[in-house]
Amino acid sequence: HDTKRSEDVRARLAALSELPDAWSRAVRRWHTMNRKHRREIDGDLAPDANEEYLLYQTLLGAWPLEGLTGNNREGFIARIQDYMVKALREAKVNSSWMEPNADWEDAVRAFVATILTPGARNRFPASLAPIAERTAQLGMVNSLTQTVLKLTCPGVPDFYQGSELWDFSLVDPDNRRPVNYKLRQEQLAEVQRAAAGALLTTWSDGRIKMFVTHRLLALRRQQAALFASGSYTPVAVRGAHAERVVAFERTHGASSLLVIVPRHTAALGYPPVGEVWEDAHVAVTEPERRYREVFTGREYGGAPLALAEALGELPVAVLTSV
């Protein structure tokens with residue numbers, strides 16, 4: 001059971017598809033400003049264009065939420081260097097496992113260290129910061145959507161160890177670093193008492209992901225038959241931004257579960273909650289049915305169900321019939 005990039009890294013990279021213009025401008029800018037740091041090896045520049053592009057993607061995917069500091073810079077640089085060397089060898093273009101090209105690998109390692117080391121003439125870290133922040137915000141929303149879908153769609157949810165909080169691990173052995181279980185135990189005790197809206201405000205500490213995971217795992221235990229045998233019915237969303245929502249209902253006997261999650265939220269601004277949804281609403285299948293939202297405890301009844309209300313505190317919603 002392995003992963004080349006953790007689920008939260010992948011959620012950030014998926015967000016880049018929502019920022020095509022900003023992303024392409026940034027890559028061109030970085031390619032120009034970092035050109036002087038590439039090293040010529042046998043007539044070619046290392047890293048090559050594909051490797052450099054992969055590096056920038058990887059940096060955004062794994063970028064620490066607190067940024068690079070004196071405490072984490074050395075370790076982060078080493079992680080990215082190791083990732084890039086493994087990528088070089090597996091690509092089998094400029095190096096390989098069978099015939100490692102030490103000069104090329106050393107040049108790529110040096111490139112990584114140089115562009116991530118602060119200095120008066122190094123503009124790259126400052127240039128990276130704004131898009132890293134925006135990608136992290138969009139990635140957070142994508143991760144919550146992914147977590148909710150994983151726990152509510154038909155099937156058995158699969159959790160990679162350590163992913164209860166944000167996990168920006170890369171390929172092994174990076175994803176095999178020790179998991180801080182003590183921290184997770186402490187965070188779990190906190191989220192059981194926390195309010196949903198407050199956790200969104202402090203989302204960077206990862207508790208919001210654990211909160212969503214904990215609530216839905218508890219719900220699965222309480223309503224095992226619904227999750228094991230419940231039907232799956234897509235639910236229509238209408239109004240502004242309807243194309244930015246995925247909604248479905250699962251029903252078993254008298255029990256019903258309504259799931260509402262966002263997608264492609266870059267155009268909505270941050271955070272994608274409340275009035276940003278304008279008049280968008282869910283066309284619930286049973287207008288007379290009443291629901292209780294799992295994360296906020298709020299109750300809703302009647303149709304249509306306005307997204308500005310259902311997604312008023314968090315960008316995701318799971319409602320059970322009452």
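How are α2 and α6 oriented to each other, roughly parallel or roughly antiparallel? This is a predicted model, and in the model the axes of α2 and α6 cross at roughly 170°. Angles over 145 degrees count as roughly antiparallel, so α2 and α6 are roughly antiparallel to each other. On the α2 side, the contact is made by Ala22, Trp23, Ala26, Arg29, Trp30 and Met33, and α6 brings in Phe124, Ser127, Leu128 and Ile131. Eight of these contact residues are nonpolar, one is polar and one is charged.

Now for another pair. The axes of α3 and α5 cross at roughly 40°, which makes α3 oblique to α5. The crossing of α3 past α5 is right-handed. Glu51, Glu52, Leu55, Tyr56 and Leu59 of α3 meet Trp104, Val108, Phe111, Val112 and Ile115 of α5. This contact divides into eight nonpolar residues, no polar ones and two charged ones.

Here are the two pairs side by side:

| Helix pair | Axes come within | Crossing angle |
|---|---|---|
| α2 (residues 20–33) and α6 (residues 124–152) | 11 Å | roughly 170° |
| α3 (residues 49–62) and α5 (residues 102–115) | 12 Å | roughly 40° |

Finally, have a look at α7, which spans residues 181–191. Which of the residues of α7 are buried? They are Arg184, Gln187 and Val191. Seen down the axis of α7, these buried residues fall within an arc of 65°, so they line one face of the helix. An α-helix has 3.6 residues a turn, so residues three or four places apart point the same way. Among what covers the buried residues of α7 is α9 (207–222). The face of α7 turned away from its buried side carries the exposed residues Lys182 and Gln185.

Notes
Residues numbered from 1 in each chain as written. Predicted model: local features only at pLDDT ≥ 70, side-chain atom pairs only at ≥ 80, totals over all residues. Heavy atoms only, no water. Axes fitted to C-alpha atoms, helices over the stretch in contact; angles between N-to-C directions. Helix = DSSP H or I, 4+ residues; strand = E, 2+ residues; numbered from the N terminus. Parallel < 35°, antiparallel > 145°, perpendicular 65-115°, else oblique. Left-handed = near helix turned anticlockwise from the far one by under 90°. Contact = heavy atoms within 4.5 Å. Nonpolar A, V, L, I, M, F, W, Y, C, P; charged D, E, K, R; others polar. Buried < 20%, exposed > 50% of the residue type's maximum accessible area, 1.4 Å probe, protein only. Arc of directions from axis to C-beta.
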